[in-house]
There are 2 protein chains.
Amino acid sequence: MRKILVIGSGKSASYLLKYLLEKSVEEDLFITVGDLNTENTKKLLDNHPNATAITLDIFDDNSRTKAIKNTDIVVSMLPARFHINVAKDCIRYKKHMVTASYVSPEMQALDHDAKTNNLILMNEIGVDPGIDHMSAMKVLDGIRDKGGTIILFESFTGGLVSPESDNNLWHYKFTWNPRNVVLAGQGGAAKFLQEGTYKYIPYHRLFRRTEFLDIDGFGRFEAYANRDSLKYQSAYGLDNIKTLYRGTMRRVGFCRAWNIFVSLGMTDDSYTIEDSENMSYRDFINAFLPYHHTDSVELKLRYALKIDQDDIVWEKLEELDIFNANKKVGLKNATPAQILQKILMDKWTLAEDDKDMIVMYHKFGYELHGKKHQIDSNMVVLGENQTYTAMAKTVGLPVAMATLAILNGQITTPGVQIPITKEIYEPILSELKDFGIIFNEKEVHYLGYNPLNN
Amino acid sequence: MRKILVIGSGKSASYLLKYLLEKSVEEDLFITVGDLNTENTKKLLDNHPNATAITLDIFDDNSRTKAIKNTDIVVSMLPARFHINVAKDCIRYKKHMVTASYVSPEMQALDHDAKTNNLILMNEIGVDPGIDHMSAMKVLDGIRDKGGTIILFESFTGGLVSPESDNNLWHYKFTWNPRNVVLAGQGGAAKFLQEGTYKYIPYHRLFRRTEFLDIDGFGRFEAYANRDSLKYQSAYGLDNIKTLYRGTMRRVGFCRAWNIFVSLGMTDDSYTIEDSENMSYRDFINAFLPYHHTDSVELKLRYALKIDQDDIVWEKLEELDIFNANKKVGLKNATPAQILQKILMDKWTLAEDDKDMIVMYHKFGYELHGKKHQIDSNMVVLGENQTYTAMAKTVGLPVAMATLAILNGQITTPGVQIPITKEIYEPILSELKDFGIIFNEKEVHYLGYNPLNN
């Protein structure tokens, strides 16, 4: 039997484990799942004979190294910052490793050791990063294989709520870490390339520079720019590209409303608000508006941000109950971002029967035989329920498939890897189709940003 | 002879040295001025028999400690971050020390040692901080002495250009470190108190929440909030105050125009612009605007920030020549803030015969015998020329006066001090009057922010 150690069995483990359990008999697998708390794990494993749940504290060197020694491959589903100790053990005990997280500088530093030991440290093989890499590289390589030159690449991903559960004015609920949503876009200007020109957007304007994307059957979305659209420029082989843009998708109208919070300073996580515990939601909003002895918080907010009385954005604010003078924040020494997160969680937490949705949209512009072309490619995955979410599916399945492919010798290139080579993306994208993770590609008229170049 | 060592003889040393030299005979003083480069120092000393210029590298422990050992008191006019080594030597060799800089945590840590050795480490005795402390505490103490309770304190300072040299649309020139002007307000939300409520303004809205201030004979000014208006709340004895606000003064219209740079992200100092060296001023502006193949940078900017065609703010931008496609930035790997500084220095550098101006404005609201009152107090100092500037006068004279007062045993309280006690502010404010540094006080109708409370 081949032994797989899965460390961490949080939100994104459901499909991962389901896939591995279903393959376990025919593939002769035994799966050990280590977590601090095995309750949820046991539910997911459901007494399967080819699996066991163990209590594992990754900060306890003894139990961690014992578990790693005793397996053939390690899947780390831990929060990203905890991978590195596992990775070092994997090098030491000569085990392959798979994670869905971004390659940290510490992980990258293990590349040489991994290669020397003929080990694969596969990273960024979830959805974003993961499926975005694979689906993009497949089309990019295809264009290059037929002699085309890539001139534009734009890529967008969103974790949203499924249309059938989409019942608030923001068309948004928290399907993943709420804190990351509140802090999204902070930490520096967004940078990207448009028609050969570098462009920069400061955080406080990020949500006002969006673009629209339409997906057949799902309507219109909007996207705001990621911090660093150029991160994979070289890895994707796009050093001479004219337009390179990566973004995050929301339903139309979200960004304009969200920008109200950004403008007022309510997403700031760098300082704490005085006496935050005892303030009401209304007091919180008022802290970002000038004092006045009679003017209402509502009018001061409308005036400060020039919001017309009939602007529909206002209803989005009211829906969140932010003007309520009776609801207390109840958080000690909280930052504005923490307080805002709490207010949003009152309204944006998934209900028991809510379903999530992952959307992805790529645009590929290229020149072939002197003519410009464009391929648009998109993917929509809907969750089944709160355990088998679209997020868990799109993160967990590629991780599981890569793990098995490594065990089976189908993926062999050693080192610190991300899934941008044919060896990896071809079999996995192909298998993902069987699970309904399908990209719809279509040739469209080349747009770009300069019609004079067409 | 009493020996004074002045370390550093930059922009703010002119009046400092002039004062000390003029007092040197009657007060029996000998002044040694140490600097890396003694050329400017020698000009300022003009072969005065009671003074000498020495070459002093403060990073050379030997020469630094030798100079400090051999004096009775040390005046450090170095950049703030370099004071600490001098201060430690002063403790070691039992010398008093005077600086115009903010008390750093490292400096504060020397308080116990200073007290044990009966030494005075006097800081923040320039203009802002310095004259602001002294002039505020004099009025605050006066109100308290007659039994009043302080309910409001607002304090504003500005380093501007003298009316006779005020010949650009921004009514602004660099009279001090241009970099600090470009970065002003960055690094976190501004925090203050209005009528008992804490208020927070994020950087990107700071320049849109200004207030107006009128000074007889000098017209109207505006002010934006400092980062931390509450910094001296306890030191000034204002723990129960309702309104506490500190700000920076500009001429009316500056802030609204400056906010264009803030909004576009042009004051950001956290990242570098690609190929900044070869870009034109116009390219620089365009980097913060969306790509378009025909729309002009001008129209894109007007549209992005909703600037009407007849808005006078536009002329301020044009005056800076920011749309020039032929002027090159010429700075390698520059941040937006560095590029903006360069553009501004083309236009805002003081001409040979330009004069500067320091303005200060305090508002004191208080209750006495059940009635509310307000005192407004302001000061205007004009520079004489580019050596004897208003900045050098208002920074250098209090430093010089404090130095002599310590030598003469008029200031005696040991420890890390700032000038907020009568012992310090009474004699110095009184002597400053002889040099034209005068506060005009008037009783005005109490305003506050809540007329219902009056």
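This is a predicted model: local features need pLDDT of at least 70, side-chain atom pairs count only at pLDDT 80 or more; totals for chains, interfaces and linings use all residues.
Leaving aside neighbours within four places in sequence, Glu124(A) is in contact with Thr99(A), Ala100(A), Ser101(A), Tyr102(A), Val103(A), Pro129(A), Gly130(A), His133(A), Tyr232(A), Ile418(A) and Pro419(A). Glu124(A) itself sits in the loop between β6 (120–122) and α7 (131–145) of chain A.

Which side chain of opposite charge is nearest to Glu124(A)? Select Lys231(A), which is 5.0 Å away. A salt bridge requires the nitrogen and oxygen atoms to be within 4 Å, and Glu124(A), although buried, has no salt bridge. Next, show the backbone of Val103(A): its nitrogen lies 2.9 Å from a polar atom of the Glu124(A) side chain.

Select Lys422(A) and Asp145(A), whose closest N and O atoms are 2.8 Å apart in a salt bridge. This pair links distant parts of the chain, for Lys422(A) belongs to helix α16 (residues 422–433) and Asp145(A) to helix α7 of chain A, 277 residues apart. Lys422(A) is partly exposed, with a relative accessible area of 35%, whereas Asp145(A) counts as exposed at 56%.

Remain in chain A and select Asp61(A), Arg64(A) and Asp89(A) together; a network of salt bridges links these residues.

In chain B, select Arg220(B) and Asp214(B), whose side chains meet in a salt bridge at 3.0 Å, N to O. Arg220(B) is partly exposed at 39% relative accessibility, and Asp214(B) is also partly exposed, with a relative accessible area of 39%.

Colour chain A and chain B separately: 36 residues from chain B and 36 residues from chain A take part in the contact. Together the two chains bury about 3,100 Å², 55% of it on carbon and sulfur atoms. Select Tyr200(B), Glu274(B) and Tyr291(B), which supply 24% of the area that chain B buries against chain A, more than any other three residues.

How many salt bridges are counted between chain B and chain A? The count is 2. One of them joins Lys191(A) to Glu274(B), with the closest N and O atoms 2.6 Å apart. Lys191(A) lies in strand β8 (residues 190–194) of chain A, and Glu274(B) in the loop between α10 and α11 (281–286) of chain B. Lys191(A) is buried, with a relative accessible area of 19%, while Glu274(B) counts as partly exposed at 32%.

Technical notes:
Residues are numbered from 1 along each chain as its sequence is written. Chains are lettered from A and ligands numbered from 1 in the order in which they are written. Side-chain values use heavy atoms; hydrogens and water are left out. Contact means heavy atoms within 4.5 Å. Buried area is the accessible area (1.4 Å probe) that two parts lose on being put together, summed over both. Helices (H or I, at least four residues) and strands (E, at least two) are DSSP runs, numbered from the N terminus. Buried means under 20% relative accessible area, exposed over 50%, partly exposed in between (1.4 Å probe, protein chains only). Lys and Arg count as positive and Asp and Glu as negative; His and the chain ends are not counted. A polar contact is a pair of N or O atoms within 3.5 Å; within protein, one must be able to donate a hydrogen and the other to accept it, and residues adjacent in sequence count only if both atoms are side-chain atoms.
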